[in-house]
Amino acid sequence: MGKTTGFKEFPRALPPYRPTAERVADHLELYEEWPRENVQQQAARCMDCGIPFCHTGCPLGNLIPEWNDLAYQGRWDEATRRLLATNNFPEFTGRICPAPCEVSCTLAINKDPITIELIEKTISDAGFANGWIRPEPPRTRTGKSVAVVGSGPAGLAAAQQLNRAGHRVTVFERDEVIGGLLRLGIPDFKLPAELVQRRVDLMAEEGIDFRTNAHVGVTVQTTELRNRFDAIVLATGATVPRDLPVPGRELDGVHFAMEYLPQQNRVNAGDAVENQILATDKHVIILGGGDTGADCLGTAHRQGAASVTQFELLPEPPGARAEDNPWPQWSRVLRLSAAHAEGGERDYNISTTGLTGSGGKVERLHAVRVGWTPQPGGRPAMEPLPGSEFEVEAGLVLLAMGFLHPEQSSVVKDLGLDLDGRGNIASDANKMTSRDGVFVAGDARRGQSLVVWAIAEGRATAHGVDAYLMGETSLPWVQV
């Protein structure tokens, strides 16, 4: 695959970021334009490794070496077809997936891996620019109908697959726009809203019906779905955030990340947001060191924060793989996002003990440094370090500490669904819940995860739904 000696001749490279001062002044994409010839050179690095371990990192089963080779040869139309064979939305994964495929690339044993995500993005962009990615309505209809609740990546993938199988699909979204976290949770500088809408428009042309402001179990009765549709897919996500149970949590200026981030996306779309949560001229503290925390960091930079500090409870990851974290496992190493390159401070082993302020507004965060003691056969024990207490100024505190499970007070309660030990919706191997004809996909089933897992979940659930409705199915899928 690629050029036989390409991995020896060409180093790994990525397009440069736009200058920091320029990109923090807007919400446009981060990277500068890069000649397609440069991407072809990167694709040339894909070696003839015999066993493509990149497949072990990709839950979609993407045909990575095949479309790498086609990209290297400049056969972009064929590369587009191979990419779409396993991935419904490469324009999303090519931008926001953390690329577990790259971590398991054979080159990553002792060299820099192939820039798989960049190549994927370039192929999908070429596919749209040249009209190779276009509506694909089904040739015939089955007479069956499916309701999909939730329009994030899992819901959209399930909807597109089921529509292609010939079923009539209606997607119910509680917000005013389609896309779930793709549209309102991920900042526009990482995934522009117009790219999400472009895909939604294409799916509408394929025959999928989208209903916004339709909160099933609240504004839309669950019984309506049971009566009108032959099957239901719940793709509501794991939207219950992990809270911070400390004194002062109730103060104004302490917000969940998903209260903060969607507001800026709505403003970018031209909507008016009353009492918008803003970081402007404030000392911002972000609790949580993951992708959501980095999204808050980049947004705070663009809003003109006086300072931004990101605290993480866990220790700082190492700069290289540890001995107990061998290839091709996901590498538990320190990762820097574009937002971190823009500024701000990061600190680790920090536990928040309280928040204080005056007039009902947060002004300071109190914390202590912690140590971790290994435990036989279990997780390390966390212990506060005596004398390490400190406090910092805080005009805005953003909680980006992850999500627990799907909301259980509306459609889940109405249907009386069984839950697993973590509060997720339980299902069988075909993704059917404890109620006949009701299926589940994505984070609502597996817990918070990556966009690529959500798409794979949606495809697998569509496979199960189609088999349930028709007695057999030819929809492609990968077991997840």
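This is a predicted model: local features need pLDDT of at least 70, side-chain atom pairs count only at pLDDT 80 or more; totals for chains, interfaces and linings use all residues.
Reader: Why is Y17 called partly exposed?

Author: Y17 has a relative accessible area of 32%. Buried means under 20% and exposed over 50%, so Y17, at 32%, counts as partly exposed. Y17 sits in the loop between α1 (6–9) and α2 (20–23).

Reader: Why is the contact of R95 with E29 called a salt bridge?

Author: The closest N and O atoms of R95 and E29 are 3.0 Å apart. The cut-off is 4 Å between a side-chain nitrogen of Lys or Arg and a carboxyl oxygen of Asp or Glu, so the pair qualifies. R95 is in helix α7 (residues 90–96) and E29 in the loop between α2 and α3 (36–43), 66 residues apart. E29 and R95 also belong to a network of salt bridges with K121 and D125.

Reader: Are R95 and E29 buried or partly exposed, and how do you know?

Author: R95 has a relative accessible area of 15%, under the 20% limit, and is therefore buried. E29, at 26%, falls between 20% and 50%, so E29 counts as partly exposed.

Reader: What makes R266 and E176 a salt bridge?

Author: Their N to O distance is 2.6 Å, and the limit is 4 Å, so the label applies. R266 lies in helix α14 (residues 257–268), and E176 in the loop between β2 (168–172) and α11 (181–184), 90 residues apart. The relative accessible area of E176 is 31%, which makes E176 partly exposed.

Reader: How do you know whether E342 and R302 are buried or exposed?

Author: E342 is at 13% relative accessibility and R302 at 11%. Buried means under 20%, so both residues count as buried. E342 forms a salt bridge with R302, with the closest N and O atoms 2.9 Å apart. E342 lies in the loop between α16 (338–341) and β9 (345–348) and R302 in helix α15 (residues 291–302), so the pair ties together parts 40 residues apart in sequence.

Reader: How many salt bridges are there in the whole structure?

Author: A search finds 27.

Reader: What is the make-up of the lining of the second largest pocket?

Author: The lining has seven charged, three nonpolar and two polar residues. Among the lining residues are D77, R81, W132 and R459. Helix α6 (residues 76–84) gives the largest share, three residues. The pocket holds about 240 Å³ of space.

Note on methods
Residues are numbered from 1 along each chain as its sequence is written. Side-chain values use heavy atoms; hydrogens and water are left out. Helices (H or I, at least four residues) and strands (E, at least two) are DSSP runs, numbered from the N terminus. Buried means under 20% relative accessible area, exposed over 50%, partly exposed in between (1.4 Å probe, protein chains only). On a 1 Å grid over the protein atoms alone, a cavity is a set of points where a 1.4 Å probe fits but cannot get out, and a pocket is an open set with protein on both sides within 12 Å along at least five of seven lines; lining residues have an atom within 4 Å of a point. Grid points are joined across faces, edges and corners, and a volume is the space filled by probe spheres set on the points. Ala, Val, Leu, Ile, Met, Phe, Trp, Tyr, Cys and Pro count as nonpolar, Asp, Glu, Lys and Arg as charged, and the others, Gly among them, as polar.
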